[in-house]
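Please follow it with the model in view.

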Amino acid sequence: MGNESEYFNKVYDKFWSVQSRRYGYAPYEQNLVRLIAKSNPGKVFEVGIGTGWPIGTALKEKGIVVDGCDLAESSVMSARKELGNEEGIWVGDVMSYMGSEQWDTIYCVRASWYIPDFYDTLLKMISMTKSRGYLVFDVMDENSPCCLKIRWSALKEKYYRFLGIHVNEVYGRHFINISKMKKFLKKNGLDYQCWSERKITGNKDWRNTPKVVFLCRKEN
């Protein structure tokens, strides 16, 4: 985790502070906000909050209090300012949370593929969600052409390193088997709905639309 934390602070954080604005508040993000706000929550928690924009910002504009955490310290500083929340947004991994507070809705969007133990993270998110509350998250389908392409690139990077050729190590890129995820959710007592990124956005580029979005309800 130490190397990944360093990566988030020195590399990914700089990339995302620019890239998030470049992506903008697109139909995919707008749909995520609608799902998160669907149950009219008073207070939500975002795992991997980044700078808070645009998801947290859009929820705040709806009168929702947005708490969260992120590994990148500078992102957290930006999120606190963006969302006007000094106390509820903190630096660190959600797995380190030892408090007793529970939230109306907990979400992790555009971030699960940077979490190597996402099933464990989901269990933590479930424990932090109120009874009859909601969880929203997206994952990358391991069977999508995009993920197969990324895996091939990762194999090439390993081969180059074996030959002694320097390449930039890339963290994250953890993919999920969708069938296994559905079984996991049922096993843990969650009702769910899910949609593919292609269905949400209408994007026909099947090679570059690997995400699947889940909306889950905690029954007790």
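Glutamate 219 has a relative accessible area of 27%, which makes this residue partly exposed. In this predicted model, its side chain meets that of arginine 132 in a salt bridge, at 2.4 Å from N to O. The two residues come from distant parts of the chain, 87 residues apart: arginine 132 belongs to strand E5 (residues 129–140), while glutamate 219 sits in the segment after strand E7 (211–218). Arginine 132 is also partly exposed, at 42% relative accessibility.

Strand E7 takes part in another pair. Its residue lysine 211 lies 14 residues in sequence from glutamate 197 of helix H8 (residues 197–201), so their pairing ties these parts together. The closest N and O atoms of this salt bridge are 3.5 Å apart. Here both partners are buried, because the cut-off for that class is under 20% relative accessible area: lysine 211 has 15% and glutamate 197 has 9%.

A further salt bridge joins lysine 43 and glutamate 101, with 2.9 Å between the closest N and O atoms. This pair too links distant parts of the chain, 58 residues apart, with lysine 43 in strand E1 (residues 43–47) and glutamate 101 in the loop between strand E3 (89–91) and strand E4 (103–108). Lysine 43 is partly exposed at 28% relative accessibility, and glutamate 101 is partly exposed at 34%. Salt bridges with shared partners connect Lys43, Glu101 and Asp67 in one network.

In total, the model has seven salt bridges.

Key
Residues are numbered from 1 along each chain as its sequence is written. This is a predicted model: local features need pLDDT of at least 70, side-chain atom pairs count only at pLDDT 80 or more; totals for chains, interfaces and linings use all residues. Side-chain values use heavy atoms; hydrogens and water are left out. A salt bridge is a side-chain nitrogen of Lys or Arg within 4 Å of a carboxyl oxygen of Asp or Glu. Helices (H or I, at least four residues) and strands (E, at least two) are DSSP runs, numbered from the N terminus. Buried means under 20% relative accessible area, exposed over 50%, partly exposed in between (1.4 Å probe, protein chains only).
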